[in-house]
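Let's explore a protein model together, step by step. Have a look at the sequence and the 3D view before reading on.

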There are 2 protein chains.
Amino acid sequence: MNLDRLLEAEREAVEQGLQRLLPPADAWHPRLNTAMRHAVFAGGKRIRPILARLAHAAAGGDPSEITLAACGLELIHTYSLVHDDLPALDDDDLRRGRPTVHVAFDEATAILVGDALLTEGLGALARHPEGPSWAARRAEAVALVAAAAGALGMVGGQMEDLEATGGGAGPGAAERLERIHRHKTGCLLRASVEVGAVLAGLAGDDRERFGRFGERLGLAFQVADDLLDATASAREMGKSPGKDAAAGKLTFVTLHGLEATRRILDGLEEELLALAREIEGDGGALGAVASFVCRRRA
Amino acid sequence: MNLDRLLEAEREAVEQGLQRLLPPADAWHPRLNTAMRHAVFAGGKRIRPILARLAHAAAGGDPSEITLAACGLELIHTYSLVHDDLPALDDDDLRRGRPTVHVAFDEATAILVGDALLTEGLGALARHPEGPSWAARRAEAVALVAAAAGALGMVGGQMEDLEATGGGAGPGAAERLERIHRHKTGCLLRASVEVGAVLAGLAGDDRERFGRFGERLGLAFQVADDLLDATASAREMGKSPGKDAAAGKLTFVTLHGLEATRRILDGLEEELLALAREIEGDGGALGAVASFVCRRRA
C-alpha cells in the first residue's frame, strides 16, 4: 500500500468535508467564522477523521458516507487545541507554525471559537449521515464522542495535566502521566476509531476491537509527541520545541529518558500492528496509519 | 393553577436530574467536578429544562421520561454563563450572589468547566431517554440544540454582543440589539421548548408552534433581564446591577428608555399568552410560565 498517496486522498476528502461543515467566512458572524476557519484550516494532519473513515471501511462501510460525521471529530480536536493554547492554560503563541487564535484575534474570540467548534462538532455527528436509517447510529456516535471528550475524558485529562505541571517525577508519576495521556489524547482517538465502527453497525466485541486499537494508538500518539517535543526543531514541529521540559511538565521523556521512550514506542507499534491484523488482516490501512503515527518526525 | 407550587415541583425534579447527570464531587477529577457543581448548583431558576418538560407534557408526553435530557439544556446554559463571566468576556465576579467559577477557582478551571458542561449537556441529550425507540428523537434533539447553541446561534450572538459593547445607539442599533438577543438568549430558549415537542414526536407545523412560543419567550426573557439590570438592587438580582449601562452596553433600556421597554414587555406577554392558548388551551402551564418570565423581579 502506498501510505502517502492514501493519506493524501483521505486528507483531501476531509478538507472538502470541513469546508462544507463550517459557515463561510463572510457569513454572520464574520469575525467568529473567520477565526474558526483560521483554527481549522491550519494544515492539521486530520488523523481523527481519517481514522474514523478507515475504521468505517475496515468494518465494511463506505467511508464517503461518513465524511461529514468524521469531520465533526476534527472540529472537536481543534476546539481542544484553541482552548489549550489560551494564556490561562498552556499560553502558546504558535500552533502549526501560525499564530494561535488568541494571538491572531483576541482571547474572547478564541474562547468563543473553541465553544463554537465543540458545539458544531457534536452537532455534525448528530446530523450526519442524514436519513432516518442512520438516526440510531448517529445518537450513539454523539453519546460516545461526548463521553470521550467530557469531564471523564479529554477535559478531565486536561485538568489533571494542569495540576501536574511542575509536579516532577515523584511517586505515582508514571501512573499519573499515563492517566493524563489516556484521557487528554487517548479518549478522543479511541472514540474516532470507534465512531467508524459504530456507524458501520458494529457492537459488542467487534466494536471493542476497534476501540482497543484506537486507545493504544492514542497512547502511541502522545509518546511520539513527547519524543518530538524533546528532539525536533521549531521548523519541523511548527510549534515551540523543548517547551514541555522548560515548563517542568511531566512527559515520557522527562520521566523515562529518550532511549527508554523510544523503546516504549517500538513496543506500542508492534502491539498496534497485531491489533490491526485482527481487524483487517495483513497490509491494511489501519496498520499503516499506526506505523505512520509511531514513526512520524513532525 | 398554583404556579409557585408547579414551579417548585418542576425545580425539584430538575435538581434531582442534575445530581444524577454530574459526576460526584470527589470522583476523578475532583477539582473539575467540584467546580462544575459550584457552577450548576447555584440556585438557578432552571427555566430551560422546565420549559422542555412542560412543552413535552403539552405535546402529550410524560415529562418524567425526559428529565435527564432536559437537564442537558441546563448544563449548556450554565456553560454559557461560566464562559461569559470570564475576564476576557464580561469579567463578572458575582453570579447569583456567589463568586463566579474563575474567582472561586481560577481562569483555567473556569474554561475547562464550561467545556465540560457543554460536552456533558449535548451528551445527555444524546443518551436520554434511553432505549432504541427514542434513538431517532435523541439524534434530532442534539442536532437542534447544537444548531441553537453554535456559531449561527448562541455563540454567534455572544460574539456580536462583544463587538457591539460601547457601540452606542447609532443607526441599526435596534436591529442589532434584537439580533443579539435572538441569538444569545432566544435560540437556546426556543430549542428548549422545541426539544420537549420533538421528544414527544411532533414535527412540521405542530413542532413549529412550540418553537415560535420559545422564540418569543426568549425575547421576553432578555427584555425582562435588561429591565431588571436597570432597576433592581444587587441583593435582588444576585449580580452587579447597572453594569450594562456602565459598560456602555446596548440594552433595551439604554436604547428605548424604561417606559417604552415596559410596554414592549407587556406586548410580548400578550402575544405569548395567545401562542400558549393555541398549544394547550386556557390556563395551561406554558402560559403561566410566560407570565412569570415577563413579570419576574429577580
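Which residues in H8(A) meet which residues in H9(A)?

## Two helices in chain A

In H8(A), Met154(A), Gly156(A), Gly157(A), Gln158(A), Glu160(A), Asp161(A) and Ala164(A) meet Arg176(A), Arg179(A), Ile180(A), His183(A), Lys184(A), Cys187(A) and Leu188(A) in H9(A). Contact here means C-beta atoms, placed from the backbone, within 7 Å. Helices are DSSP runs (H or I, at least four residues), numbered from the N terminus. The residues of this contact divide into five nonpolar, four polar and five charged (Ala, Val, Leu, Ile, Met, Phe, Trp, Tyr, Cys and Pro are nonpolar; Asp, Glu, Lys and Arg are charged; the others, Gly among them, are polar).

## About the model

This is a predicted model, in which local features need pLDDT of at least 70 and side-chain atom pairs count only at pLDDT 80 or more, while totals for chains, interfaces and linings use all residues. Residues are numbered from 1 along each chain as its sequence is written, and chains are lettered from A and ligands numbered from 1 in the order in which they are written.

## Where the chains touch

Chain A and chain B each give 44 residues to their contact. On the side of chain B that touches chain A, H6(B) provides the largest share, 13 residues. That side has 28 nonpolar, eight polar and eight charged residues.

## How the copies are related

A rotation of 180° with 0.0 Å of shift along its axis places chain B on chain A, with an RMSD of 0.0 Å (least squares on C-alpha atoms of residues with pLDDT of at least 70 in both). This is the relation of a two-fold axis.
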